[in-house]
Each structure stands twice: as C-alpha cells, then as structure tokens.
Amino acid sequence: RDEMRFENEKMKLLGELAAGLAHEIRNPLAIIQGFLQHSKTRSFNIEPWYELIYGEVERMNSLTVEFLQFAKPNPSAFDLIQVHHCLEKVRLLTETKSIHLGHRMIYTEFNENLFCRMDLDKMLQVLVNMINNALEAMDNKGTVTVKLSKDTQDAVIEIQDTGRGIHDKDLQDIFHPFFTTKTNGTGLGLSICQKIVQDHGGTIQVKSKLQQGTTFTIRLPLGDVA
Ligand code: ADP
Ligand code: MG
C-alpha cells in the first residue's frame, strides 16, 4: 500500500512538473510568435531579433533538458552578474507582450554597480514571470515600473503595476502551486519564482491595493566583485 502511495505521489509530482514546463514554454513561444507577426511588416529589421529569438529557443531547450533530468537535484549555475544587465535582458523579453497589450513599461533608478551571484536563466524566468503577471493584471493602458536600488547588503528589484490588485484573502495563497485566478493560468509561476529566489538566498514581498495596483519586491544578496 505504501508503494502505491509512493507511485501516486510520483505521478502527482510529474503532473506538476509537466504543467510547470508548459507554463514556462509559453513565454518564449509568445516572443517567437511576436517576432513572426512583426516580420510581416514591410520595414521589418531582423537584426535586433536574432539574439533574442536564439536565446528564447535556447531557453525552451534548457527547460526541456531540466524536465528530463528531474530525478536529479536541480543544479543551479551561479555566476557573478550585473543586475542591470539582467534587467536589460528582461526588458527585451517582455517588450512584445507589453506593446501587444497596449501597456507602458518604465525602468528607473538603474544602478550599474550592483552585482549578484545568480543563475541568470533562472532569474530571467523569475522576472519575466512577474512582469507578465503585472501586464496581465492591468485592463487598459497600464504602467509597469521596474526599479533597481540598493539596500545595505541587498540588491532590491521592485515591479510595480497599476493593475487590479490582489484581494487580502488571496495574498497568502498566490505563492501556492496551482493557485490562479486566470482562466488559462497554471498557478505555478509565483511558486517557481519563490523557490528560485529562495535558492539565491533572497526574498519576495508583495504589497497590493485593490483597483490601484501591486508591488512585488525582490531582494537578492549582493555578490562580491572579484
Ligand atoms: P498564474 O499567472 O498562472 O495565474 P502565478 O503563480 O503567476 O500563476 O500567479 C498566481 C495568482 O496571483 C494570479 O492568478 C493572480 O491572481 C495573482 N497575481 C500575481 N501577480 C499579480 C499582479 N501583479 N496583480 C494582481 N494579481 C496578481
Ligand atoms: Mg503567472
């Protein structure tokens, strides 16, 4: 009987991973789809898209690889990364969706002197997930503001939106796997974000006001510059 319960747990975990994988493949697919739509326009310039699309295809590949290796403990590759550089990538990765939805994105107070030890791919996954949530939470012509600053030993990244906000009763649930208020959501985004940020020794906080907006604050310990 114990064996059966173990098998059931295994299947459940597999199901969760499969749903997580599908969720993560949607973001890059949306970018490639955006590229294809853009490429139909007469004045389309392919040059700036090459690196982006290549990176997205690579990201989908590494997600698949991670899925296939799921039995092994998840090895993160930590490098000393300029947080500013990470956010520049995030800006490119989220631009298409933002334009498509008619929203505005503002990047402010960029401190170029902040470096953190991070797995860049995973941190991009976190930030793209959270910006996508912000973009999806706004009905019309919203603004997402991304702010980078320093607080004692931490790099602080704030993602602020002017969206519908989160109900008080939902605030403690949003990080739970499969909690979603969206018809097509998996509810895995924030639980994956939480896990990754914790693996980086960081924290995520959230503040929200209904009909006014939400701010997610990510803190990551600063790494020593070699
Ligand atoms: P999903 O996006 O698939 O629903 P997430 O784990 O990313 O899953 O988010 C869980 C839920 O948290 C969302 O369905 C939404 O209700 C809420 N949420 C997350 N980010 C925001 C935000 N910026 N504004 C309002 N609600 C949010
Ligand atoms: Mg999400």
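## Basis of the description

Two residues are in contact if their C-beta atoms, placed from the backbone, lie within 7 Å. The model is predicted: local features need pLDDT of at least 70 and side-chain atom pairs count only at pLDDT 80 or more, while totals for chains, interfaces and linings use all residues. Residues are numbered from 1 along each chain as its sequence is written, and chains are lettered from A and ligands numbered from 1 in the order in which they are written.

Helices (H or I, at least four residues) and strands (E, at least two) are DSSP runs, numbered from the N terminus. A residue is buried if 20 or more other C-beta atoms lie within 10 Å of its own, exposed if 12 or fewer, and partly exposed in between, with C-beta atoms placed from the backbone.

An open sheet of mixed pairing is formed by 5 strands in the order 2-4-5-7-6. Its edge strands are strand 2 (104-108) and strand 6 (203-209), each of which pairs on one side only. From one strand to the next, the twist averages 15 degrees; axes are lines fitted to C-alpha atoms, for helices over the stretch in contact, and angles run from 0 to 180 degrees between N-to-C directions.

Strands pair if DSSP finds at least two bridges between them. Strand 2 pairs with strand 4 (residues 143-151) in the parallel sense over 5 bridges, and Ile106 has Thr145 of strand 4 as its bridge partner. Strand 4 and strand 5 are antiparallel, with 8 bridges; here Ser149 is bridged to Val156 in strand 5. These two strands make a hairpin with 2 residues between them, and Thr152 in the turn has a positive phi of about 40 degrees. Strand 5 also runs antiparallel to strand 7, to which 8 bridges join it, and Ala155 stands opposite Leu220 in strand 7.

Helix 4 (residues 120-136) lies across strand 4, strand 5 (154-161) and strand 7 (213-221), and runs at about 25 degrees to strand 5.

In helix 5 (residues 189-199), the buried residues are Gly189, Leu190, Cys193, Ile196 and Val197. Viewed down the axis of helix 5, these buried residues fall within an arc of 125 degrees, so they line one face of the helix; the arc is that of the directions from the helix axis to the C-beta atoms. An α-helix has 3.6 residues a turn, so residues three or four places apart point the same way. The buried residues of helix 5 pack against helix 1, helix 4, strand 6 and strand 7. Gly201, which follows helix 5, has a positive phi near 75 degrees.

## Helix 1

The 37 residues of helix 1 should span 54 Å at 1.5 Å a residue, which agrees with the 54 Å between its end C-alpha atoms. The expected span is 1.5 Å times one less than the number of residues. Buried residues of helix 1 are Gly20, Glu24, Asn27, Pro28 and Ile31.

Ile25 lies in helix 1 (residues 2-38). With 16 other C-beta atoms within 10 Å, Ile25 is partly exposed. Between Ile25 and Thr108, 83 residues apart in sequence, the C-alpha to C-alpha distance is 29 Å.

## Leu93 in helix 3

Leu93 is placed in helix 3 (residues 83-101). Leu93 counts as buried because it has 23 C-beta neighbours inside 10 Å. Leaving aside neighbours within four places in sequence, Leu93 is in contact with Ile31, Leu124 and Val128. The C-alpha atoms of Leu93 and Ile31 are separated by 7.2 Å, although the two residues are 62 residues apart along the chain.
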